[in-house]
Amino acid sequence: MTKAIAGFSKLSKEEKINWIVNTHFTNPETAKQVITQYWNSDEALQKLHDEFIENTISNFYMPLGVAPNFLINGKNVTIPMAIEESSVVAAASKAAKFWSNRGGFKTTVISTEKIGQVHFIYKGAADKLEAFFQTIKPKFFSETESITKNMQKRGGGIINISLRDKTGELENYYQLHATFNTKDSMGANFINSCLEQFAKTLKEQALQYEAFSEMEKQIQVVMSILSNYVPNCLVRAEVSCPVADLKEDKHISQEEFAEKFVRAVQIAEIEPYRAVTHNKGIMNGIDAVVIATGNDFRAVEAGVHAFASRNGKYSSLSHAKVENGIFTFWMEIPLALGTVGGLTGLHPLVKTALEMLEHPSAEELMQIVAVAGLAQNFAALRSLTTTGIQQGHMKMHLMNILNQFQATETERLQVTAHFEHNTVSHSAVVDYLASLRK
Ligand SMILES: CC(C)(COP(=O)([O-])OP(=O)([O-])OC[C@H]1O[C@@H](n2cnc3c(N)ncnc32)[C@H](O)[C@@H]1OP(=O)([O-])[O-])[C@@H](O)C(=O)NCCC(=O)NCCSC(=O)C[C@@](C)(O)CC(=O)[O-]
Ligand SMILES: NC(=O)C1=CN([C@@H]2O[C@H](COP(=O)(O)OP(=O)(O)OC[C@H]3O[C@@H](n4cnc5c(N)ncnc54)[C@H](O)[C@@H]3O)[C@@H](O)[C@H]2O)C=CC1
């Protein structure tokens with residue numbers, strides 16, 4: 001068993017790599033060569049990337065693709081997508097092209113409120129705490145003024161603070177529940193700074209509050225942190241067209257397609273096993289744009305899935321209907337995104353992605369990301385309800401299989417030609433390649 005190492009973080013990058021390759025690899029030289037071959041030759045750029053995180057040893061490449069032809073509220077948008085899974089970018093592009101001839105995507109930002117909480121323990125009478133909170137509430141605003149003054153100038157800041165009694169669920173547990181508008185930033189650091197000041201104010205004021213007993217004065221702050229559940233930071237994306245305009249498809253009539261599509265969404269609305277996969281398809285689009293624009297995909301993922309469970313059962317994020325001959329497909333999702341702050345002004349490719357999107361505000365980015373999710377869901381459901389998913393997905397995955405078996409250029413041409421008329425599967429490609437190599 002490998003012995004633990006003390007002071008690893010203090011080693012130089014070179015020393016860290018040497019320790020890793022000598023400790024964990026049978027061929028340290030090869031391992032070192034692989035790790036270092038992904039270094040950027042521009043030292044300043046490499047240093048920038050090294051400093052994004054801790055104990056950096058190399059860069060982990062992820063392809064950056066683009067999906068063109070998105071018509072969003074009448075404007076043409078090319079969407080950058082960072083993702084490792086084949087067929088996602090093709091699917092988004094196909095859906096974009098399809099809807100661009102049918103009025104495009106319509107989006108609206110419904111709300112932009114973020115949330116943060118100070119979780120604390122108070123042992124005493126609830127009505128006394130409420131009276132104390134009302135007395136000191138203005139101090140939460142005044143004592144955070146140095147943190148909030150610039151955000152206020154932008155039209156944001158603290159919206160409200162309330163006291164929540166959670167003692168029914170956990171003994172002596174209360175919260176300061178605060179809402180914020182963080183404008184073009186995701187707001188995590190702004191919110192956390194405000195919350196930590198609220199916590200300080202709460203404790204200090206309690207010690208001075210004369211109506212409190214000695215025990216009541218001893219408020220214990222457990223933690224102060226934003227919530228990644230943002231059900232009031234909501235965006236809607238929608239497509240619609242007459243059923244008769246849904247593309248004729250050799251597999252299925254427009255009417256049958258619309259009916260099957262709506263049925264597929266209804267299944268995801270009532271069946272959690274299906275809903276998780278359905279929503280994974282939506283996240284294919286959402287995560288790819290969230291990553292390309294330097295946003296926090298863990299925060300988005302956690303918030304979106306909590307929202308999908310808000311009625312007590314995990315369900316579809318998207319919905320579809322046919323009414324009076326009109327097919328409508330839509331989604332409302334919570335997205336706390338930033339176009340300033342975090343990595344957005346640091347990572348050169350993130351800056352490029354944001355420029356490609358013509359420097360969106362956070363609200364504009366919410367709409368673009370929601371559209372990418374809806375488009376992805378449309379493409380996946382269209383495949384699932386017509387040809388099946390494997391045909392398109394495996395067609396795109398073919399190159400990965402050929403790379404895995406180190407196919408030569410001639411073999412690639414032969415295999416691609418063969419699978420234009422045959423169904424791609426991993427074993428079919430392997431067998432065909434073997435037959436060529438006999
Ligand atoms: C894969 C396609 C698009 C093929 O679809 P196709 O009809 O064979 O494509 P095509 O060759 O006829 O091209 C039509 C358009 O598709 C796009 N397109 C087509 N090929 C490319 C390419 N190589 N590179 C870039 N774009 C491409 C592009 O927009 C192109 O237009 P053009 O550019 O020629 O004017 C289609 O079958 C599809 O949409 N499939 C769905 C794929 C999918 O959803 N993948 C996600 C991975 S599976 C998953 O994780 C989620 C899932 C499915 O489980 C979710 C769920 O269950 O709900
Ligand atoms: N639970 C979570 O989600 C947590 C996430 N994080 C990380 O925090 C980062 C995001 O935090 P932020 O506070 O957004 O970033 P940040 O700390 O870089 O702050 C952005 C700052 O930009 C300034 N600003 C300039 N122009 C602005 C405008 N038009 N609108 C709004 N602000 C403007 C404001 O001072 C704002 O506070 C992400 O990297 C995220 O991963 C950190 C802690 C917890």
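Where is V34 found? V34 sits in helix α2, residues 28-37. Helices here are DSSP runs of H or I with at least four residues, strands are runs of E with at least two, and both are numbered from the N terminus.

This is a predicted model, in which local features need pLDDT of at least 70, side-chain atom pairs count only at pLDDT 80 or more, and totals for chains, interfaces and linings use all residues. Residues are numbered from 1 along each chain as its sequence is written, chains are lettered from A and ligands numbered from 1 in the order written, and side-chain values use heavy atoms, without hydrogens and water.

V34 is partly exposed at 41%. Buried means under 20% relative accessible area, exposed over 50%, and partly exposed in between.

Now the charged pairs. A salt bridge puts a side-chain nitrogen of Lys or Arg within 4 Å of a carboxyl oxygen of Asp or Glu. The count is 14. One of them pairs D50 with K13 at 2.8 Å, N to O. D50 belongs to helix α3 (residues 43-50) and K13 to helix α1 (residues 13-24), 37 residues apart. D50 is buried, at 17%.

Another salt bridge joins E358 and K75 at 3.5 Å, N to O. This pair spans 283 residues, from the loop between α12 and α13 to strand β2 (residues 75-82). E358 is exposed at 53%, while K75 is partly exposed at 41%. E358 also has a positive phi, near 65°, though not a glycine.

R236 bridges to E332, with the closest N and O atoms 3.1 Å apart. R236 is in strand β8 (residues 234-242) and E332 in strand β10 (residues 326-334), so the pair ties together parts 96 residues apart in sequence. Shared partners join R236, E238 and E332 into one network.

Finally, helix packing. The axes of α5 (residues 126-142) and α7 (residues 188-208) come within 10 Å and cross at roughly 135°. Axes are lines fitted to C-alpha atoms, for helices over the stretch in contact, with angles from 0 to 180 degrees between N-to-C directions. The two helices are therefore oblique: angles under 35 degrees count as roughly parallel, over 145 as roughly antiparallel, 65 to 115 as roughly perpendicular, and the rest as oblique.

Methods:
Buried means under 20% relative accessible area, exposed over 50%, partly exposed in between (1.4 Å probe, protein chains only).
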